[in-house]
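Student: Hi! I've just opened a new structure and would like to chat it through. Can you help me get my bearings?
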Amino acid sequence: MPTKSQKKGKIISRTITYLILGIAALICLFPFLWMISTSFKPMSEIYSMPPTLIPKSPTLENIIEGWKGADFGLFFKNTAFITLLATVGTVLSSSVVAYGFSRFQSRLSPFLFVVLLGTMMLPSQVTLIPQYLLYNKLHMIDTYWPLIIPSWLGGGAFNIFLFIQFFRSLPKELDEAAEIDGANSFQVFYKILLPSVKPVMLAVLVMALVYNWNDFFNPLIYLNSNDKFTIAIGLQFFKGSQGNVQIGQMMAMALVSLLPVLVIFATCQKYFIQGIKMSGLKG
Amino acid sequence: MKLKKVLAVGLAGVMTIGMMACGGGQSASSSGATSQKDSGEKQKLVIWSWGADEEKKSREDAVAAFEKAHPEIEVEHSVIPTADHVWDQKMTAALTAGTGPDVIQMSPDYYGLYTEYYEDLNPYVEKEGVDLESVITEGMLDPYYRPDGKLEGMPLLQNVFVMAYNKDLFDEKGIDYPTADWTWDDVAAAAKQFAGGEGADATYGIVNHWIDPPMSIICKGGSAYSDDLTTCEIDSQEVRDGLDLFGDLVQSKAMPDDTAAKSLPKEQLFVSGHAAMYTLGGFETKLISEEIGENFKWDAVSMPKVPNGGKNNLMYATGYSMLKTSQNKDAAWTFLKETTYANEDMAKETCRAGMTACKNIAETYYKDLSYGPITNAAYMESLSDAKLNIWGGAYSAPGDVWTQIWQSVTIDGKTADEAINEYYPALEKAFNEANGK
């Protein structure tokens with residue numbers, strides 16, 4: 001039975017904890033709130049002094065002009081298309097590769113695993129030029145292939161690692177029982193193991209989705225035609241070459257472009273955290 | 001079981017869409033230069049421009065005017081953002097891999113950085129039999145010639161600066177308006193009288209601008225390097241004086257310090273009536289004028305004079321080059337000459353973003369355009385006094401060192417002597433390396 005002073009201490013301790021967390025959350029959220037606020041402010045109000053968070057004369061002009069100004073409808077369509085294919089590819093291929101690493105052993109397995117981990121440590125800048133030259137040889141510059149193919153060929157070392165950690169936590173007896181029942185390796189994978197790794201699948205799905213939706217550099221390098229550009233590139237059209245920025249329109253379009261990702265993240269957050277936690281990667 | 005079937009069908013659908021759509025447009029919009037089709041078919045011309053907002057629209061409308069004039073050429077025009085080195089990354093990858101377009105936007109202030117990829121345009125000019133000096137706005141062509149005589153591009157437009165001032169603030173303080181005879185010392189003396197207030201109520205004499213660091217080099221008659229680009233001349237008393245002038249402006253709060261300058265886009269201090277003077281570029285006149293509206297009375301004069309009568313303005317120029325890899329060089333040249341001097345409709349569209357290279361349009365149509373109290377004639381008058389952007393392209397490394405010197409003075413409060421003594425060896429080394437020494 002806790003004493004009165006212990007109870008009081010607990011309340012104080014919790015209050016301080018929540019206060020600190022609340023302040024930290026506010027600090028993290030402030031840029032987001034500012035983005036929302038700026039999206040609905042007229043130009044004259046954006047830079048008014050002292051700055052205000054709640055628009056005095058809210059307007060939709062930034063959203064309307066921003067949408068029309070840089071062909072955002074098309075950018076949305078392109079981004080959604082790339083994101084869909086790349087995300088599906090990432091989830092499928094990384095789970096298959098991870099299944100191989102976790103369930104099949106050969107003399108080369110340890111070496112291949114080290115190579116896999118090694119790719120996580122390789123900065124993307126190092127592989128950029130060889131990859132670009134490769135896709136150029138394959139006549140794939142200014143197509144969506146370079147943005148999608150890598151997702152279907154492994155889907156990234158980190159995602160594979162997540163799946164491996166999860167597969168390894170599943171008892172091999174599950175596989176053996178299925179094999180006794182006549183299942184082949186592929187059936188073991190998609191009938192027995194895959195249904196058990198839904199949390200990781202969702203975690204990888206959300207991460208791949210956010211990455212592909214926000215990816216700026218790869219579309220910039222590989223796409224040339226304006227009608228193939230993505231949202232991340234489109235947002236740059238609000239920043240002029242001489243330093244002038246259409247900040248209202250830029251924030252409005254950034255907000256609109258964030259909405260789909262936010263909705264998905266909010267919906268899948270539970271599974272996302274669960275997937276990370278169960279893979280043993282959460283601190 | 002049903003779920004698996006749906007999943008399988010869904011996946012098959014996704015892959016099919018992918019197969020169909022990923023390569024879509026490859027033949028119609030391939031990367032890089034494309035070969036000319038057999039006679040009877042349209043020639044294809046791939047053009048890359050940079051720009052955003054009004055600049056982007058100006059480029060697109062100019063190209064549309066070109067397409068209208070040349071239905072025999074099929075143009076594929078891409079406008080790529082340029083802020084945050086976006087353009088640089090894209091262009092470098094494409095040029096290196098040989099996947100660039102037929103025609104690419106460039107700037108003479110690259111100082112030869114990408115010239116190996118550009119076609120020498122002299123033979124095209126000779127074949128055309130045109131006297132470029134007679135059709136191109138005065139002073140715009142020279143920067144496109146490399147020291148070896150190669151003509152690496154054709155000018156599109158350029159922009160210089162004027163000194164805009166808030167008449168109401170000058171009237172309030174009882175200070176005479178700036179004149180064309182003012183020097184930077186006059187500007188500094190006047191600017192200090194406007195310094196006052198704190199935080200949101202602070203007022204300043206002059207607003208920071210991204211041209212300030214290079215402007216500090218020339219404002220007292222100094223220069224960064226010799227005209228033949230071989231000798232670094234930063235370590236001079238004139239440059240030290242110019243740097244100290246700007247350091248003094250910041251220290252005396254006549255110009256916002258780094259924190260204040262970062263709290264708000266710089267031009268907004270002028271637009272909102274918190275600063276008396278602003279170095280106004282030709283590219284931003286329309287925007288600034290619209291933002292000021294009727295809020296206060298304002299005007300502009302030419303940039304302050306420098307002591308030895310030297311160049312007192314900075315120019316930011318851009319044009320187009322033909323890539324050596326282009327396989328449609330005739331069409332590319334047609335575009336280059338029209339965008340520079342031979343298509344007045346294109347030139348008029350270009351005027352929305354700056355002073356066109358087309359002499360006839362610059363001296364008539366562009367000159368008469370006005371935004372608020374500012375007429376473009378003010379920029380025309382400043383053209384002959386302008387120096388090409390100092391630290392572009394090949395000189396970006398010494399430019400980075402100059403930025404350190406600039407920050408040492410304007411942020412850390414060092415004197416020009418201290419900063420230059422500390423960093424000059426590194427700057428000179430970077431300059432010599434840029435020149436291949």
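Student: How many helices and strands does chain A have?
Tutor: Chain A has 14 helices and zero strands. Keep in mind that this is a predicted model. Reading from the N terminus, the elements of chain A are α-α-α-α-α-α-α-α-α-α-α-α-α-α.

Student: OK, and what radius of gyration does chain A have?
Tutor: Chain A has 24 Å, whereas a compact globule of 283 residues would have a value near 19 Å. Along the principal axes, the C-alpha atoms of chain A fill a box of roughly 75 × 70 × 30 Å.

Student: What share of chain A is buried?
Tutor: Buried residues are 35% of the 283 residues in chain A. As for contacts between residues at least 6 apart in sequence, 77% of those in chain A join residues at least 24 apart.

Student: Switching topic: how many residues does each chain bring to the contact between A and B?
Tutor: Chain B gives 40 residues and chain A gives 34 residues.

Student: Which elements of chain B give two or more residues there?
Tutor: They are helix H1 (2-22), helix H2 (53-69), strand S2 (73-80), helix H3 (86-97) and helix H12 (285-292) of chain B. By class, that side of chain B has 18 nonpolar, 15 polar and seven charged residues.

Student: And which residues touch the most other members of the largest nonpolar core?
Tutor: B:Ala164, B:Ala191, B:Ile206 and B:Met277 do, in a core of 176 residues.

Student: What is B:Ala164 in contact with, leaving aside neighbours within four places in sequence?
Tutor: B:Ala164 is in contact with B:Phe270, B:Met277, B:Tyr278, B:Leu280, B:Trp298 and B:Ala300.

Key
Residues are numbered from 1 along each chain as its sequence is written. Chains are lettered from A and ligands numbered from 1 in the order in which they are written. This is a predicted model: local features need pLDDT of at least 70, side-chain atom pairs count only at pLDDT 80 or more; totals for chains, interfaces and linings use all residues. A nonpolar core is a set of buried Ala, Val, Leu, Ile, Met, Phe, Trp, Tyr and Cys residues joined through C-beta atoms within 7 Å. A residue is buried if 20 or more other C-beta atoms lie within 10 Å of its own, exposed if 12 or fewer, and partly exposed in between; C-beta atoms are placed from the backbone. Two residues are in contact if their C-beta atoms, placed from the backbone, lie within 7 Å. Helices (H or I, at least four residues) and strands (E, at least two) are DSSP runs, numbered from the N terminus. The radius of gyration is taken over C-alpha atoms; the globule rule is 2.2 Å times the number of residues to the power 0.38. Ala, Val, Leu, Ile, Met, Phe, Trp, Tyr, Cys and Pro count as nonpolar, Asp, Glu, Lys and Arg as charged, and the others, Gly among them, as polar.
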